[in-house]
Amino acid sequence: MNFITDYILLIFVVFLLFKTFFIVKQQTSGIVERLGKFNSVRSSGLQLKIPLVDSVVGRINLKVQQLDVLVETKTKDDVFVKLKVSVQYKVMKDKVYDAFYKLESPRAQITSYVFDVVRAEVPKMKLDEVFERKDDIAIAVKGELNEAMLDYGYDIIKTLVTDIDPDEQVKQAMNRINASEREKVVAEFEAEAERIKIVAKARAEAESKRLQGQGIADQRREIARGLEESVDVLNNVGINSQEASALIVVTQHYDTLQSIGEETDTNLILLPNSPQAGAEMLNNMIASFTASSQLGEQMKKRNKEKGLGKQPDKK
């Protein structure tokens, strides 16, 4: 009988010891109530309480926690967009009581405020502005949360807009716009390159024509100089200018025929091609010059008789 009593007493002692001591982990606070009423906040380590009177009713995590909230809203230009907002928060050590007793569900409360702020800020912006001013949205969310959650013992460390996801059709349209802009830039560069090529080609052709014309002029000048020297040589041997000119014309005629004969696939036909043709052409030219000279002398004589000539200066 004594053995059973001792056994029961041992079990009761162990139970009391189990109910007397408890452990609170690092970065955690324990809430102790005495007979249903708040008694104390216990920090990390081995703690002592009165068995059957005190009880640990909860533990508060003091680490920095993160809550990701996905919000769908509409922009100023009527584009539906989803924003992912990450909220980093923690419970302040000196306000563990408020965090435990004043707020039932802190994550749901934070989510509600994030929805409220995002749906108030984003409709004021166009889609492009949402991407450009996402930091402003995050600052607005943090400011609103800090003001609301501070009374509940929560400190908002940081808020981040980590993702902006427009409707799929909008993203495709934006991609097409970007592609069109890039194609426009490419077309402008290609057109500029083509213009430069055309200008360069035109300048090269102009320079080529200028040099070609200069070459032809030089060639004709040298030909004229050679003809002049030929006439002088023939005059020195007793051949007058008319005979010398006829001889040169005939020589040039045969040189041309020889040049044509050297080209086997030429399509050039020289008309007329008889030797007499050169002499006849020269005679015709000489006759024309002579007739023009005689006509000019007659006109001068007639004008002089009519008094149309130049009057002498009166002194």
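This is a predicted model: local features need pLDDT of at least 70, side-chain atom pairs count only at pLDDT 80 or more; totals for chains, interfaces and linings use all residues.
Which elements supply at least two residues each? They are helix H1 (2–20), strand E1 (21–24) and strand E4 (45–48). Helix H1 gives the most, with five residues. Leu 52 sits in the loop between E4 and strand E5 (54–61). Its relative accessibility is 63%, so Leu 52 counts as exposed; the cut-off for that word is over 50%.

Now turn to Arg 42. This residue is part of strand E3, which covers residues 37–42. Is Arg 42 buried or exposed? Arg 42 counts as buried, because its relative accessibility is 13%, and buried means under 20%. What does its side chain reach? The side chain of Arg 42 comes to 2.7 Å from the backbone oxygen of Leu 48. Beyond its sequence neighbours up to four places away, Arg 42 touches Phe 22, Val 24, Thr 28, Ser 29, Gly 30, Val 32, Gln 47 and Leu 48. Arg 59 is 17 residues from Arg 42 along the chain, and their C-alpha atoms are separated by 9.2 Å.

Next comes Ser 86, in strand E7 (residues 80–91). Ser 86 has a relative accessibility of 4%, so it counts as buried. Which side chain makes a polar contact with the side chain of Ser 86? The partner is Asp 68, at 2.7 Å. Asp 68 is also among the residues that Ser 86 touches, when those up to four places away in sequence are not counted.

Thr 75 lies in the loop between strand E6 (65–74) and E7. The side chain of Thr 75 makes a polar contact with the side chain of Asp 77, at 2.4 Å. Leaving aside neighbours within four places in sequence, Thr 75 is in contact with Val 81, Val 122, Pro 123, Met 125, Lys 126, Leu 127 and Val 130.

Charged pairs come last. Side chains of opposite charge can pair when their charged atoms come close. How many salt bridges are there? The count comes to eight. One of them joins Asp 136 and Arg 133, with the closest N and O atoms 3.3 Å apart. Asp 136 is partly exposed, at 38% relative accessible area. Arg 133 is partly exposed too, at 36%. Another salt bridge links the side chains of Lys 134 and Asp 135, at 3.8 Å from N to O. Here Lys 134 is partly exposed, at 31%, while Asp 135 counts as exposed, at 52%.

A further salt bridge brings together the side chains of Arg 195 and Glu 192, at 2.7 Å from N to O. Why are Arg 195 and Glu 192 separated by about one helical turn? The reason is that they are three residues apart in helix H6 (residues 168–236). Arg 195 is partly exposed, with a relative accessible area of 44%. Glu 192 counts as partly exposed, at 36%.

Notes: Residues are numbered from 1 along each chain as its sequence is written. Side-chain values use heavy atoms; hydrogens and water are left out. Helices (H or I, at least four residues) and strands (E, at least two) are DSSP runs, numbered from the N terminus. Buried means under 20% relative accessible area, exposed over 50%, partly exposed in between (1.4 Å probe, protein chains only). A polar contact is a pair of N or O atoms within 3.5 Å; within protein, one must be able to donate a hydrogen and the other to accept it, and residues adjacent in sequence count only if both atoms are side-chain atoms. Contact means heavy atoms within 4.5 Å. A salt bridge is a side-chain nitrogen of Lys or Arg within 4 Å of a carboxyl oxygen of Asp or Glu.
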